[in-house]
Amino acid sequence: MAWSAKLCIGARDIAETAGRLIKAIHAVPSTLSKIPSSSPLLIRIDLRRTIPLPFLPPHNILVPSTSLSLSAPLYIPPPAPLTPAQRREAIAQEARQREIERTKILTAPFRHFWYFFTRMMRGLVRVWSREGFVKVKIDGKAGVWRIDREGGWMLDEGRGIDRVVKGKAYSGGLISAA
């Protein structure tokens with residue numbers, strides 16, 4: 001019984017997380033496109049293949065900017081700046097860590113193992129909880145795609161896409177272009 005539950009959870013994770021991931025989003029002027037559109041700006045979405053085969057062409061979707069919907073804004077505001085006392089404490093903590101790394105050589109493998117183990121566990125928690133992914137819905141296409149807003153790189157920290165897809169709330173908690 002337990003193995004079947006694990007199998008179902010693993011299949012769900014592979015089907016929902018590994019598939020339908022967005023690799024890149026590009027803004028394309030409609031004058032350069034062969035697709036007739038009333039929108040002045042088109043969005044080209046490059047999708048990641050679940051099974052990367054080099055001989056297959058990349059899968060792209062070209063849609064007007066008004067048909068794109070996001071579940072949350074891509075821009076994450078930076079944390080508040082540290083106070084001088086917090087900055088002094090952070091510098092002292094870094095100095096202590098450097099001193100421990102320099103003097104306690106025998107325990108270094110365990111510290112390094114713990115560091116990579118915690119990174120791996122954080123990654124698994126993100127996969128299972130879908131934390132840090134923004135759902136992208138495209139009008140006229142079935143399903144929901146995902147883009148990683150915490151682990152990926154975005155030009156201007158995602159503010160460009162947030163400006164293009166000016167949002168309004170609608171059912172499902174998604175932000176849609178107006």
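Trainee: Which residues does Ile-138 touch, not counting residues up to four places away in sequence?
Mentor: This is a predicted model, and contact here means heavy atoms within 4.5 Å. With residues up to four places away in sequence set aside, Ile-138 touches Ile-45, Ile-61, Val-63, Ser-67, Leu-68 and Trp-145.

Trainee: Which residues have the most contacts inside the largest nonpolar core?
Mentor: The largest nonpolar core has 18 residues. The elements that give two or more residues to this core include strand E1 (21-29), strand E2 (41-48) and strand E5 (133-138). Inside the core, the residues with the most contacts are Ile-22, Ile-45 and Ile-138.

Trainee: How many bridges join E5 to E6?
Mentor: Strand E5 pairs in the antiparallel sense with E4 over 3 bridges, and in that pairing the partner of Ser-69 is Lys-137 of E5. E5 and E6 also run antiparallel, with Lys-135 standing opposite Arg-146 in E6. The number of bridges that join E5 to E6 is 5.

Trainee: Which residue takes a positive phi in the hairpin of E5 and E6?
Mentor: The hairpin of E5 and E6 has 5 residues between the strands. In this hairpin, a positive phi near 90° is taken by Gly-140.

Trainee: Does Phe-116 count as buried or exposed, and why?
Mentor: Tyr-115, at 44% relative accessibility, counts as partly exposed. The cut-off for exposed is over 50%, and because Phe-116 has 52% relative accessibility, Phe-116 counts as exposed.

Trainee: In which element of the protein chain is confidence lowest?
Mentor: The protein chain averages a pLDDT of 79, and 83% of the residues score at least 70. Where pLDDT is low, the predicted coordinates should not be read in detail. Confidence is highest in helix H2 (residues 84-103), at a mean of 94, whereas the lowest mean, 47, belongs to strand E7 (residues 167-170).

Technical notes:
Residues are numbered from 1 along each chain as its sequence is written. This is a predicted model: local features need pLDDT of at least 70, side-chain atom pairs count only at pLDDT 80 or more; totals for chains, interfaces and linings use all residues. Side-chain values use heavy atoms; hydrogens and water are left out. A nonpolar core is a set of buried Ala, Val, Leu, Ile, Met, Phe, Trp, Tyr and Cys residues joined through side-chain atoms within 4.5 Å. Buried means under 20% relative accessible area, exposed over 50%, partly exposed in between (1.4 Å probe, protein chains only). Helices (H or I, at least four residues) and strands (E, at least two) are DSSP runs, numbered from the N terminus. pLDDT is the predictor's confidence in each residue, from 0 to 100. Two strands pair if DSSP finds at least two bridges between them.
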